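Open the model in your viewer and keep the selection tool ready. The tour goes stop by stop.

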Amino acid sequence: MSLVWLLLLLSAHLCECVPEKPKRSALNQLTRTLLKKYDCGVRPVHNWTSTTTVSIDLILQSVLDVDGKTQSITISIWYRQTWTDEFLVWDPEEFDGINEISLSSDAIWIPDVIVSEFLNAGKSPPIPYVYVNSSGSVKNYRPMQVVLACSLEMYAFPFDKQNCSLTFRSWLHSVKEIDLTLWRSAETIAHDQGQFMNDGEWELLSIPSRYWQIHQDQTDYAHIQFNVLIRRRPLLYVVGLLIPSIFLMLVDVMSFYLPLDSGVRIAFKISILLGYTVFRVNLAGDLPSSALSTPLIGVYFVVCMAMLMLSLIKSILVVKLFHHSEKEVRQMSVSACLLDKYGSGGARFTESAFTSIKTLDHINTSADYELDTSLDGDLLSLTEIHDAPSGPEWLLQELVSLRLALSQEDIESSAQADWLALCSKLDRLLFRLYLVVLTVYSATLLLLWATWSFA
């Protein structure tokens with residue numbers, strides 16, 4: 001009998017030493033219950049004629065890149081969508097008051113809502129879970145970095161505005177199966193800039209949205225479109241591109257005030273042209289590239305370089321004309337007309353020649369020699385070689401030679417001064433024409449840019 005009691009006590013002690021098998025947690029039990037017979041390939045409705053309504057919301061966080069060459073834009077958004085899953089409903093009281101759980105997005109049905117303009121997923125972090133509450137409402141929140149196709153208009157760069165759209169639609173389901181709606185009101189979405197990084201190159205204007213249905217293959221498909229309206233901040237490009245270019249053009253205009261006969265104007269203009277070329281090459285990467293159209297600022301730079309070349313060519317022509325001889329210029333029809341109007345070198349030469357002849361007539365105080373009153377006679381007598389001229393004759397010849405040399409020098413100096421004055425008048429005329437063209441062109445561009453900037 002004592003042996004029986006000993007065995008009973010030993011068995012009781014062994015039973016106390018064996019640990020009790022733990023019960024499953026309520027969260028684990030709920031998950032197993034919900035997904036036990038769940039089919040993620042079936043739309044979660046008990047009545048197949050019922051429509052699953054997917055509410056969509058979008059919050060723009062930043063504009064990362066705008067590529068005019070590929071016509072694409074990279075943005076970072078916070079995308080939210082919610083729908084009702086009729087197969088994921090439970091009573092919280094049966095599971096320790098659990099009202100909301102997270103489930104794997106691969107284990108449940110997810111609507112096939114896509115973005116029509118989608119090109120690349122970028123570097124979006126993977127979010128493998130969704131939230132489900134006891135009433136069957138599923139919340140799918142995810143940050144996304146997406147590359148979208150966008151028709152970019154770069155003509156007004158750097159005062160451009162862009163309008164890029166994100167169109168959400170179901171890839172296969174018609175509106176009878178999946179319908180789309182806005183989670184928040186369109187007005188709230190349009191003016192929501194609380195999460196946008198507004199200290200970058202782009203300024204967010206608004207995000208208008210609209211809902212519409214498209215009829216295709218005798219079936220209607222729901223669409224929701226968000227239009228992202230952004231505007232570029234031009235200060236960086238104005239300071240780095242436009243102002244240096246304007247300064248170089250002003251220096252070129254001031255170079256016209258260099259003296260025409262100084263010889264440094266052409267060298268100075270060549271230095272300006274080379275400096276502008278280096279400036280353009282260094283800043284070529286800052287300009288947007290587009291295969292469809294050239295930005296107006298690119299046309300502006302090309303025209304500025306063309307104006308610098310025209311300024312240099314004009315200075316070369318004027319300097320070349322200045323160094324022409326009077327005889328060569330008279331062979332040119334236009335220059336001959338200008339010289340006949342403004343030049344007076346030939347008239348002064350004739351007048352000086354007759355003055356010399358008259359002076360020689362009054363010097364005749366002796367009968368030992370005679371002077372011809374014609375200029376040709378004087379010049380001929382100077383070229384003749386006399387044998388052992390007497391003192392008075394030699395003195396007279398030297399005086400006549402000196403007089404003619406001084407007269408010729410005065411004539412050449414006067415002709416050079418008249419020619420310089422003529423070239424200066426032509427230089428001023430071309431400069432004024434250049435200044436008018438440059439002013440009209442610059443004023444037109446500034447007016448266009450100011451209109452785009454304040455629009």
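Buried means under 20% relative accessible area, exposed means over 50%, and partly exposed covers what is in between. Keep that cut-off in mind at each stop. The model is predicted.

**Whole chain**

Start with everything shown. The chain holds 11 helices and 12 strands. Of its 455 residues, 36% are buried. Take the contacts with a separation of 6 or more: 75% of them come from residues 24 or more positions apart.

**Stop 1: E201 and R232**

Select R232. Its relative accessible area is 8%, which is under 20%, so R232 is buried. At 32% relative accessibility, E201 counts as partly exposed. The two form a salt bridge, with the closest N and O atoms 2.6 Å apart. This pair links distant parts of the chain: E201 sits in the loop between helix 3 (186–190) and strand 10 (202–206), R232 in strand 12 (residues 219–232), 31 residues apart. Side chains of opposite charge can pair when their charged atoms come close. A search of the whole structure finds nine such salt bridges.

**Stop 2: D252 and K269**

Select D252 and K269. Their salt bridge has its closest N and O atoms 3.2 Å apart. D252 belongs to helix 4 and K269 to helix 5 (residues 265–282), so the selection spans distant parts of the chain, 17 residues apart.

**Stop 3: D427 and K314**

Move on to D427 and K314. Their side chains meet in a salt bridge of 2.3 Å, N to O. The pair connects distant parts of the chain: D427 in helix 11 (residues 391–454) and K314 in helix 6 (residues 296–322), 113 residues apart. Both D427 and K314 are buried.

**Stop 4: around D57**

Select D57, in strand 1 (residues 52–67). D57 has a relative accessible area of 0%, so it is buried. Which side chains make polar contacts with D57? R80 does, at 2.4 Å. R184 does as well, at 3.1 Å. Widen the view: leaving out residues up to four places away in sequence, D57 touches W78, Y79, R80, W183, R184 and I189. D57, R80, R184 and D192 are linked in a network of salt bridges.

**Stop 5: the cysteines**

Show the sulfur atoms. The count comes to one disulfide. Select C150 and C164, which it joins, S to S 2.0 Å. C150 lies in the loop between strand 7 (137–149) and strand 8 (161–170), and C164 in strand 8, so the pair ties together parts 14 residues apart in sequence. The torsion about the S-S bond is about -85 degrees, so this disulfide is left-handed. Both C150 and C164 are buried. Then pick C40 and C304. C40 is partly exposed at 38% relative accessible area, whereas C304 is buried at 2%.

**Stop 6: a surface patch**

Switch to a surface view. Select L235, V239, I243, I246, F247 and L250. They form a nonpolar patch with about 570 Å² of accessible area together. Zoom in on I243, in helix 4 (residues 235–254). At 34% relative accessibility, I243 counts as partly exposed.

Note on methods. Residues are numbered from 1 along each chain as its sequence is written. This is a predicted model: local features need pLDDT of at least 70, side-chain atom pairs count only at pLDDT 80 or more; totals for chains, interfaces and linings use all residues. Side-chain values use heavy atoms; hydrogens and water are left out. Helices (H or I, at least four residues) and strands (E, at least two) are DSSP runs, numbered from the N terminus. Buried means under 20% relative accessible area, exposed over 50%, partly exposed in between (1.4 Å probe, protein chains only). A polar contact is a pair of N or O atoms within 3.5 Å; within protein, one must be able to donate a hydrogen and the other to accept it, and residues adjacent in sequence count only if both atoms are side-chain atoms. Contact means heavy atoms within 4.5 Å. Patches are made of residues with over 30% relative accessible area and no salt bridge: like charges are joined within 9 Å, nonpolar side chains (Val, Leu, Ile, Met, Phe, Trp, Tyr) within 5 Å. Accessible areas come from the Shrake-Rupley method with a 1.4 Å probe; for residues, only the protein chains shown count as cover. A salt bridge is a side-chain nitrogen of Lys or Arg within 4 Å of a carboxyl oxygen of Asp or Glu. A disulfide is a pair of cysteine sulfur atoms within 2.5 Å.
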